[in-house]
Amino acid sequence: MWKREKRLPSCMTENVSDDLIRLVDMVKIYDTGSIKVLGLKRINLTIKRGEFVAIMGQSGSGKSTLMNILGCLDRPTMGHYYLDGIDTADMSPDALSAIRNRKIGFVFQSFNLISRTSALKNVELPMTYAHKSKKMREQRALELLERVGLGERYEHMPNELSGGQRQRVAIARALANEPPLILADEPTGNLDTASSVEIMELFSRLHKEGATVVVVTHEEDIAAFTERIIRFRDGQVVSDKRNVPKELTEEEAVKMKKEGTPCC
């Protein structure tokens, strides 16, 4: 385990309950100047540690607004967002940045890798911001690339990797600082069907190993891999149901094994 960053107050490093995410009467209003748009309407929601959750909704449903708040990229207008027991609603930009680095691992649709930097250096990046030693960064990055099935490609640049491989590098990077939350925003949006299955199986494996994974998506096939599906419409939760996660067919598992994908 990593040592706690000395500059962070203790309230940012302590686990106070089994509720990793807790939203209380959360409202988001966008003020465009001429009109005010209600993006989220009094959301009350809890996600516990170790859950694998899909947040679904079409364009304009509020799911992207929610994702930005969950990722501490934005703050609610009213109400509270507790992440790992910490109320982020009134935090300064610097405090939110520290929370993002220590508490959240991001996986984006467009991968967001640094193009002229190797897979290894991309994975090291969050640890650099967290002031980890060079030796520790490199060792941890190599271990994570092995974990996602890319141990032999650590020197490759992003343009030398397939879309699915680039997303695996992004997942390894998200795990770098051992954050309690993995937040994936449309993680398969730029991938073909086979690569999408590969990435969702990897998320499933991470979940089984204890990670808390929240996937924001509009695709039913992607949400089917999760154990809980929360649907948004017009800025409100319209359903919140348990789900029996999709399992690979024998044919899909054999194919992935032949291709060297770490599916299990």
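Predicted model: local features only at pLDDT ≥ 70, side-chain atom pairs only at ≥ 80, totals over all residues.
E124 counts as buried because its relative accessibility is 3%, below the 20% cut-off.

**E124 and its partners**

- E124 pairs with K121 in a salt bridge whose closest N and O atoms are 3.8 Å apart.
- Both E124 and K121 belong to helix α3 (residues 119-129), where 3 residues, about one turn of the helix, separate them.
- K121 counts as partly exposed because its relative accessibility is 38%, and that value falls between the 20% and 50% cut-offs.
- E124 also meets R137 through a side-chain salt bridge, at 3.4 Å from N to O.
- This second pair links distant parts of the chain, with R137 in helix α4 (residues 134-147) and E124 in helix α3, 13 residues apart.
- R137 is buried, as is E124.

**R228 and E51**

- A salt bridge joins the side chains of R228 and E51, with an N to O distance of 3.0 Å.
- Here, too, distant parts of the chain are linked: R228 sits in strand β9 (residues 228-233), while E51 sits in the loop between β2 (36-48) and β3 (52-56), 177 residues away.
- Both R228 and E51 are buried.

Conventions:
Residues numbered from 1 in each chain as written. Heavy atoms only, no water. Salt bridge = Lys/Arg side-chain N within 4 Å of Asp/Glu carboxyl O. Helix = DSSP H or I, 4+ residues; strand = E, 2+ residues; numbered from the N terminus. Buried < 20%, exposed > 50% of the residue type's maximum accessible area, 1.4 Å probe, protein only.
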